Amino acid sequence: MRRIFAILFIAIAAPVFGQQYSFQKIGLEQGMPSTRINTMMQDSRGFFWLATEGAGLVRYDGFEFKTFTPENTKVRPLLTALCEDSEGNIWAASDNTLLKYDGLTFSYFYLPNNDRIQKIACDRNAHMVVASKTAVYSLDKADTLTQLQLNFEGEIHDLLYLEEFWLATDSGVYAGDKRLTTESTYDLDVNEESVFAAGKNGIGKFVNGGFSQINSEKSKGISARGAKILGLADGKILIYSKNGFLELDQTNGLEDQRYKGCYLGNSGVVWLYSNQGLTKLENTSLRIYNEKEKVGPEIFSVWSDGHQVLAGSGRGLTAVTGESINNFQGINYNYGVVLAIDRFEGLTWLGTERGLIRFNGKQFTEAIFSEIEGGYIFALKATSDALWIGTGTGIFKYSKGRLENISATENLPFSPVYAISEGKDGSLWFATYTEGFMRFSKNGWENVRELGGMKLDSLRFNTFTAVTANEIWAGTLSEGLYHLTAQSTENISPADLNFAEIKALEVGENTLWMTTNKGLFKTIKTDGLYKVKEVTQVSRLIREGFSPQALTLHNDQLVAGSPEGLFVIDLNLMQQYVEPPQLAITDVELSFGEVQGLEDYAEGIFPFYGTPKELRLPPDLNFLSFTMAGLTGYQPENLIYRYRVKGLGDNWTQAGSRREAIFSNIKPGNYTFEAQVTREGEKWEDNSVTYHFVILNPVYKRWWFILLVLTLVGTLTYLYVSDRIKRANQQLRLENSLLDMERKALRLQMNPHFIFNALDSISSFIFKNDPKQAVRYLNNFAKLMRLTLESSMEHVHPVETEVSVLKNYLELEKLRFQGKFEYEIEVDDEIDYDVGIPPMLIQPHVENAILHGIKPKEEKSFLSIRFKLDDELLICEVEDNGIGRKAAKALPKRQDHRSMATQINRDRIRLLKLSKNEEVDIQIIDLENPTGTKVIIKLPAESI
């Protein structure tokens, strides 16, 4: 029954159309200087070379074109043949002139008798071989042109040199003096195993002395590389590989024009050249079926049984079988968008926006079931004994002519089912819009709300595929991809997916395929981790993304629906080896400024690349830009670059697809620019290209200039410095003497100030008629005066002496104020006798504390004096609990009193700072609760 249905399916179909391939046109809009191309080749460096009419020799790096014009004005810019010799020189032919380009200049050789050159080839023994229509010449390494005596008939169209000369002529193919065929032959090429010929009777190959015909259609071009062979016939190209034969013409997107020849580049890229420029076909793994073949325009669902692919759109159904497209859209179809497809009991079933539809190969009919009549059918899944139906109201099962409402009979939630997937163990999963997932397995029916610790929120997931009853993959619009099992949850982040919205999932062998709004991705498990890679050769052709739930595997092909049509991807061809690109630095120039003649600062020019060699730039030309190019014909736009400059840092700058590296304000030094290229999603290989350059020091930083200056100035500098040192030492001694005198004067100022206050106290005792206290006060005053006079002439005296002075002074003040306050003096145990302090530095602040803080206070007060070491600092603290400075300022003052102690001490601190060049500081802090004043003096801890 299935076989009969398949025959009917094909027989009744609409006209057959060809699938579309992505041919790219390269011409004037892409910068090509002339579109009239006679031949092309790719050299050992990776550059493409074009022999043109009007522009001469043109180099193409996959991004930009550059013209190389012969210096000889007699040579027309019309080239007809190209070749590269074993030394990397490029040879070209123009009329009777043979041109050799060594990357810098042209050399010229002329055929005798004004004979016109047809083809050229490299000779392993000689230098070059040249063919006119009727003769063959050899150019040896001495640049001597000699005609060879070869036995052949007819005009020469092409030649090769292997172990012997091969000629393609009007009378057949010759190997040496032996004629191998008799038909007119136009083109020859060779791979590792065979010689190939294209001619009047088609394409053939010569191997091990024998000849076999590949096809019998007249062909005018042949190109071979590896196991792939490219032939050019009228209006079509022929591609032969280990995967089979492919013939492409206008129905496949090939433009209708008269192509002059074909060339098979690295990684199997197909090139065609004509008077209208270049045409490129990067790969044949991707086939696109669209409105040109009456497919679509939008594909909403796909299905495959391994023999045939069915695609559903808003117009009905399309079948793809092998190379044929069968369109069923014109057969009485008026049921709206096809949302799901499957085959059951020999019929094709369609889930549409107007219900369930059956197709028997002749006509579409609505499956009349009252429960689902006229409603949306979102998903279909056929098993061995049933057709499972996902509707807008739940799950239904069709078997043996009977429809069963599973949601009702199994007491499941009535929710729209948007996808159905069958696991490898026969389990069935149903994804709903509002109630999570339903599962049917050996345990029966379940409403699965959680798996692997994650809640299966219906609003989170928009597509899924089942692996087993306990394992699924689920895609989201904004949270990435989830791999859920009964034991665990794994998430591939949105960043790993280029923040794409996942539309559909399909599990292949060791690979999970994903279609998204940004293209095609695949997930592969490596070393226990799932890694995502974008399939760029497919993704870059997608403008509007893929359709939801429209993805299936068809043998070794991946079939996906999109708003742009049907995509069929040959996984074997897509995953074939692609040669890594060769990297070239194609331009080096100044980033800014008017100077462009970089060759003036270089030791020469790199042949073929045209970049200056070993640049040595002055310091004011320290802004460079480098242009890089990955030399490949295969998806150059999907290459990514990185670079660094050794001397500026070792970290790589990830440039993405940007090919220009700009550096400004480079400091003088020796540098090496290093760059690498790889394909997007692939690891970086060790294929660095380097470029060395130097930014020179300014003249005043050159060694010879410095040496000259040192020689001229050395003696004068020595004499000048010696004189300055003497003057400086003398001045320093004078300044120190002046500072010392000023310090002594300040100390002497302190003494009369102190004496005045003491005598004032004695007079107060006498006035009060208290001779006993006056005598006692006078004795203490005498002791204090003796200590003061002993230390007055010293720069510093021991802390212990300062403490003795303070004790005598405080005893005098206690007597004077009749025990109005108590005091204590604390000395840090770490302070030895040899730690010094300037004399009388603390006393003025003690006096201020007593007179202005303690005296006005009615209650008995307390005064604390502390000496301590903090690393290299001596810290002196004077703290009282008097009325504080704010209250003291508010008290009435004597009109004839002018306090000098504080100002004198500040002047002493200032002089100490100047003379010691160390940390010297004084802080006065107002205290509250209780009130008072705290003075902190910091000095360097000096040894006496």
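**Notebook: one predicted chain**

I began with burial: of the 944 residues in the protein chain, 52% are buried. I note at the outset that the structure is a predicted model.

**Entry 1, the whole chain.** I looked up the secondary structure and found ten helices and 76 strands in the protein chain. I then turned to the contacts with a separation of 6 or more, and 53% of them in the protein chain are between residues 24 or more positions apart. For the surface, I recorded an accessible area of about 45,000 Å² for the protein chain. Carbon and sulfur atoms account for 48% of that surface.

**Entry 2, a pair of strands.** I next examined strand S38, which covers residues 377-382, and strand S39, which covers residues 387-391. The two strands pair in the antiparallel sense, and I recorded five bridges between them.

I then looked up leucine 708 and located it in helix H5, which spans residues 703-767. Is leucine 708 buried, partly exposed or exposed? Its relative accessibility is 44%, so leucine 708 counts as partly exposed; the class lies between under 20% for buried and over 50% for exposed. I also asked which residues form a nonpolar patch on the surface with leucine 708.

Notes: Residues numbered from 1 in each chain as written. Predicted model: local features only at pLDDT ≥ 70, side-chain atom pairs only at ≥ 80, totals over all residues. Heavy atoms only, no water. Patch = residues over 30% accessible without salt bridge, like charges linked within 9 Å, V, L, I, M, F, W, Y side chains within 5 Å. Areas by Shrake-Rupley, 256 points an atom, 1.4 Å probe, with all protein chains shown as cover. Salt bridge = Lys/Arg side-chain N within 4 Å of Asp/Glu carboxyl O. Helix = DSSP H or I, 4+ residues; strand = E, 2+ residues; numbered from the N terminus. Buried < 20%, exposed > 50% of the residue type's maximum accessible area, 1.4 Å probe, protein only. Contact = heavy atoms within 4.5 Å. Pairing = 2+ DSSP bridges.
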